[in-house]
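Colleague: Can you take me through this one? I have a few quick questions.
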Amino acid sequence: MPTLSRSEIQNIEKYWIEYEQYKKKLKYREWELLHPHNAGGEIVGGRSNTISDTTAKKATVLANDAYYQNLKRIIKTVEDLYRELDEDMRTIVDMRYWDKDGCYEWEDIADKLYISRHKVLRKRNILIDKTAERIGWV
């Protein structure tokens, strides 16, 4: 497996840290796409030759938006991976990325799990590699 650069690792960690914000961004982007405003303010009349099936139109708009699809892929990856993690890995994610009270240091997580800091970092690297693989970076 190719080695990830430091900036790529930071980006992947950001996906885990900002998971809740990504969900909000996805909802907002969906609303933005499905409720476009009429920029010109003009009233358009007559028959159009567009699709009359609103469900199909919505699905097409969402499927064709790259930003929406990227957010959706990131969220799905984080959710699926979290479901598959063992208890130690979930503790690492919860303490390091999702705890709102403060970011725990690797030593604190190691103490909680009764393992070495080095082993915690190896588990984190596995998480980062799996995330990169599922997102399609490697």
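Modeller: What follows goes through the fold, the core and one lysine of this predicted model.

Colleague: What's the secondary structure, helices or strands?
Modeller: There are seven helices and zero strands. In sequence order the pattern reads α-α-α-α-α-α-α.

Colleague: And how much of the chain is buried?
Modeller: Of its 138 residues, 30% count as buried. The accessible surface is about 9700 Å², and carbon and sulfur atoms hold 49% of that.

Colleague: What share of the contacts with a separation of 6 or more is between residues 24 or more positions apart?
Modeller: Such pairs make up 66% of those contacts.

Colleague: Which residues touch the most others in the largest nonpolar core?
Modeller: Trp-16, Val-93, Tyr-97, Trp-106, Ile-109 and Leu-127, out of 32 members. At least two core residues come from each of α1, α2, α4, α5, α6 and α7. Helix α4 (66–84) gives the most, with seven residues.

Colleague: What does Trp-106 touch?
Modeller: Leaving out residues up to four places away in sequence, Trp-106 touches Glu-13, Ile-92, Arg-96, Tyr-97, Arg-117, Val-120, Leu-121 and Arg-124.

Colleague: Switching topic, where is Lys-25 found?
Modeller: In helix α2.

Conventions:
Residues are numbered from 1 along each chain as its sequence is written. This is a predicted model: local features need pLDDT of at least 70, side-chain atom pairs count only at pLDDT 80 or more; totals for chains, interfaces and linings use all residues. Side-chain values use heavy atoms; hydrogens and water are left out. Helices (H or I, at least four residues) and strands (E, at least two) are DSSP runs, numbered from the N terminus. Buried means under 20% relative accessible area, exposed over 50%, partly exposed in between (1.4 Å probe, protein chains only). Contact means heavy atoms within 4.5 Å. Accessible areas come from the Shrake-Rupley method with a 1.4 Å probe; for residues, only the protein chains shown count as cover. A nonpolar core is a set of buried Ala, Val, Leu, Ile, Met, Phe, Trp, Tyr and Cys residues joined through side-chain atoms within 4.5 Å.
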